[in-house]
Amino acid sequence: MTHMKRVHRNILIVCAFLLAIVLLLPILVYIPPVQRKAIAYAEQWVCSQTPYCISIEQFTLKFPLRAALHNVVITTAYNDTMLTAGKMQADVALVPLINRKVEVRNISLHDASVDFISPDSTLSVTADMGCIGLENGDIRLIDNKVTIGHMALDKTKIELFYAMTPDTAKTDTTQSAMWDIEIEQLKLSDIGFRMFMPEYIDTLDVELHQALLSDGNISLKEQDIDIQSIEIQRGTYRYIA
């Protein structure tokens, strides 16, 4: 469990720093030469503070907070590629940041892939994602609450392996697990999901052409997922216990 907590903490540090690049850099970052210097510093800082290294080919920021990251690569300490993304764009409201609230007008991620294995090899995730889009969301840092208006996931394949052990089965009560996430609408198009869970699930295969999830709530603190409605148009499913 200690390994999993450390992995969660390090991943949160990386994600938080990526958000800081997009959201919190000063006005001087609007100048291209300063942008390049800032990115170089950010890459060095992440490599020195976490077991991961980040490479960003290009960063652009337009007033007030319309940012784009091009060709992002995250690697592990063993030089294994964990994540790549062709392009990430974000448009964030400036004024709410004063109240520790992040209002997202839209975020998009294009041509991304994930290849993650936990240090104890109990969890592995591989994914190829065509496009992820998010509109009208906000993050309340004080309340540990995330609200997502509309989210779309298109042309994505995900494979998950999870080996349940006594340690991984314990409830994580750290601050990182206290978040509540509300999703008004999630649209899925051309999605493939495969899961393996030794001793519990031999194989779970899901192929979705179109699906729509509405009014969902995810409580990481309570480890609870509640979805009011699911609409599925064409899909194939296979489950082997």
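Is Asp154 buried, partly exposed or exposed, and what is its relative accessibility? Here are some notes on that and on the salt bridges.

1. First, the ground rules. This is a predicted model, where local features need pLDDT of at least 70, side-chain atom pairs count only at pLDDT 80 or more, and totals for chains, interfaces and linings use all residues. Residues are numbered from 1 along each chain as its sequence is written, and side-chain values use heavy atoms, with hydrogens and water left out.

2. Back to Asp154: it counts as partly exposed, at 25% relative accessibility. (Buried means under 20% relative accessible area, exposed over 50%, and partly exposed in between, with a 1.4 Å probe and protein chains only.) Asp154 pairs up with Lys155 in a salt bridge, with the closest N and O atoms 3.5 Å apart. Lys155 is exposed, at 53%.

3. A salt bridge here is a side-chain nitrogen of Lys or Arg within 4 Å of a carboxyl oxygen of Asp or Glu. That rule gives five salt bridges.

4. Now look at Glu207 and Lys157, whose closest N and O atoms sit 3.2 Å apart in a salt bridge. This pair ties together distant parts of the chain, 50 residues apart: Glu207 is in strand β8 (residues 201–219) and Lys157 in strand β6 (residues 145–162). (Strands are DSSP runs of E, at least two residues, numbered from the N terminus.) Glu207 is partly exposed at 38%, and Lys157 is partly exposed at 45%.

5. Finally, Asp205 and Arg238 form a salt bridge at 2.7 Å, N to O. Asp205 lies in strand β8 and Arg238 in strand β9 (residues 224–240), 33 residues apart. Asp205 is buried at 12%, while Arg238 is partly exposed at 41%. Shared partners join Arg194, Asp205 and Arg238 into one salt-bridge network.

Key:
Helices (H or I, at least four residues) and strands (E, at least two) are DSSP runs, numbered from the N terminus.
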